[in-house]
Amino acid sequence: MHPEDAPRTPEAGRIRTAPRICPLCEATCGLTLTIEGTRVTGARGDRDDVFSRGFICPKGASFGELDADPDRLRVPLVREGGAPREASWQEAFALTAARIRPLVEEYGPQSVGVVLGNPNVHTMAGALYPQLLLGALGTRNLFTASTLDQMPKHVSSGLLFGDAFAIPVPDLDRTDHLLLLGANPLDSNGSLCTAPDFPGKLRALRRRGGTLTVVDPRRTRTARLADRHIPIRPGTDALLLAALAHVLFEERLTDLGALTGQVEGMDELRDAIRDFTPEAVAPACDMAAGEIRTVARELAAAPTAAVYGRVGSCTVEHGTLASWLVDVLNILTGNLDRPGGALFPLSATDRPPRIPAPGKGFRLGRWTSRVGGHPEAKGELPLAALAEEIETPGEGRIRAVIALAANPVLSAPDGDRLDRALAGLDFMVSVDPYLNETSRHADVVLPPPPPAQSAHFDFAFNGFAVRNQVRYTRAAVPLEEGRLDESEILARLVLAVGGMAGVSPSAVDQMAIDRTLARAVTDPHSPVHGRDPEELSALLTGASGPERQLDLKLRLGPYGDGFAAGAGGVPEAAGVPEAAGVPEAAGVPEGSGVPGLRLERLLEHPHGIDLGPLRPRLPEPLKTRSGRIELLPAPLAADLPRLRAALAERPAALVLVGRRHLRSNNSWMHNLPALNGGSNRCTLQIHPDDAARLGLKDGEAVRITADGGALEAPVEITDTVRTGVVSLPHGWGHDRPGTRTSVASARPGVNVNQLLDGSRLDPLSGTAVLNGFPVELSPAAPTL
């Protein structure tokens, strides 16, 4: 942040408030922070926020505690004599430059692996700089948390629509019928569906007479709210979805509606799923065939409907097929791109709508990993393959890792193996506020400041929002002396690894701006086509490099001023006719008071700007080679025999699924006393019948054995989990030496992913199978 723009330090004891967008989950709720001096003493929901309207969850309420966590690192650490010590920023970046560049020059760019963790999508810096970092390194060895979570949805959307980020979201505020699979938004607040107060939206659906059907092996808080709860056998979501599609074809219930003429492959799809009858699928799913038919008929009969699947249906053996079939059902019932169905959001920093035309399509496997031969997906390799890429000798071995807000020792399969692999690296850099299970291996740790000292804009989550809106909040308190803003940290890291140490970090922001403008002025569909990029760059406002980047993205976006003074919406140069399915001007709704979006306008609205409900956009988002929705792409058709074989497989006696906690978000929120307690416990949930059969008692320790090894955890007997299924939450296991997370270490729990050896992957997306894998249980040996 520019010094002139930093909030003035108030006199000691003065109490004030400031708006802030919550960065702690995908709901992106607006907060009102209470600040005493420079310390956040409270957080409540912002009633004036245009998106969240005052909603808050326990995570948001703990903002002040997280901000002031005494375990957060405040200065860089460098490893010396096998132990970390405090260092200056200059020393930390100098060491990084001195160690990374020689490795790249001697062994090539693939000798460096980059790992991106979940928190990156919750910060401005995490959205603006990782691609620049990859470019400076020249490496293709990118591993992210997406292959532990959402990659199946990116792959299926890429294959269906030609764009891996063209992900439709359920129109929660207007739908009459919601079929929800593998999701528990009352605890998670939603995922790939940014919706503040998701619980309230589901209750509103019920109040207006709508129907909620939840498919989940656990009777979650969301399932208890539903009209119908289907306790499916874990891992069989794709089979159920295929059977629902089969019924729609068999009973002539398909109705493309406005999608007619925009879809190809209907006949091929009908033939491809011919074997997935309800009667064939029912035993594998442990459902009645009649219930499957009823669900399909209700879906088809609803005035509007949406099908939505998330983590529980993604992180399974057929995750990409399940993600694909979710949208297939939305398409077959005419509910894709329809109010009340599933629509494509249009964020303020998205590219402006264009005249629909065939695109380049989406390809898988443009390269493969060196050891396991895993195909890339969306430019990423499976995080489960990182350890073998480090351990296995030979040309191209990863010798250095740069980890940005990532803790794969806990989040990826077989953390013990990865723990050993990281210890054997030539060099490692971690950008992380904590010394955790992964960053403890780093030779350099670069800590970003607390969130109250950071500006916030949701580049990622606005693209999945259930209502179009735009919000930006500057830092609520000034940056502490001796700290660097996260954007400056990443910009300096780009310079260090790119052999440009000592150059001003503002050069990185200008480089990003120059590249964007160079493309825009040569694009005939751009509002700035043919203009002088230097002139446009000089028009940008903002008190910092990241703000200038944001201003550029807003101006060039679908609601932007296009650098035309006083212009509203997209200038005529954009050339997008209303007949293309794009709202008139594709711009700011009438009455918003915004004559063309840019940073200055956004700053005038501290609680955000409402850009209106989601609207039909097809065919504009399609980037397939045909220019239409391709219902049965070849990679998906080639994977269907594997799903067909699952019909005859004998199910395991006992399988494990994860679970979400309202007071947690993966591994990075267990160090707060306010969130580490209550229902947020690391227990193995088991049905009373299974507990009795195995001789297990509530509260006693049980030994859990699977592919990757064994763990012990306390038993929690509950009928909220169905028979044949046990549940252990994700993100625990804070018992490794050398960390500095005192609260988490006092209640470490166990790392559920240690039960996996990394061999179970969804082949299309490279996503680790974290749900529905077989386990064996036995009473733990008594301690002496």
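Select the charged side chains first: the 81 positive and 94 negative charges of the protein chain have mean positions 2 Å apart. The model is predicted.

Now show the whole protein chain as a cartoon. Its secondary structure amounts to 26 helices and 29 strands. The radius of gyration is 25 Å, close to the 28 Å given by the globule rule for 784 residues, so the chain is as compact as a globular protein of that length. Turn to the C-alpha trace, which spans about 75 × 70 × 55 Å along its principal axes.

Switch to a surface. The protein chain exposes about 28000 Å², and carbon and sulfur atoms supply 50% of that area. Of the 784 residues, 61% count as buried. Among the contacts with a separation of 6 or more, 74% are between residues 24 or more positions apart.

Next, select residues 112-116, which form strand β6. Are the residues of this strand buried or exposed? Five of its five residues are buried. Show the side chains to see both faces: V112, V114 and L116 lie on one side, G113 and V115 on the other, and both faces are covered.

Centre on L116 to find L404 of β15 opposite.

How many bridges join β6 and β7? The two strands pair over three bridges, in the parallel sense. To end the tour, pick V115, which stands opposite F143 in β7.

Terms used. Residues are numbered from 1 along each chain as its sequence is written. This is a predicted model: local features need pLDDT of at least 70, side-chain atom pairs count only at pLDDT 80 or more; totals for chains, interfaces and linings use all residues. Side-chain values use heavy atoms; hydrogens and water are left out. Helices (H or I, at least four residues) and strands (E, at least two) are DSSP runs, numbered from the N terminus. The radius of gyration is taken over C-alpha atoms; the globule rule is 2.2 Å times the number of residues to the power 0.38. Buried means under 20% relative accessible area, exposed over 50%, partly exposed in between (1.4 Å probe, protein chains only). Contact means heavy atoms within 4.5 Å. Accessible areas come from the Shrake-Rupley method with a 1.4 Å probe; for residues, only the protein chains shown count as cover. Lys and Arg count as positive and Asp and Glu as negative; His and the chain ends are not counted. The place of a charge is taken as NZ of Lys, CZ of Arg, CG of Asp or CD of Glu. Two strands pair if DSSP finds at least two bridges between them.
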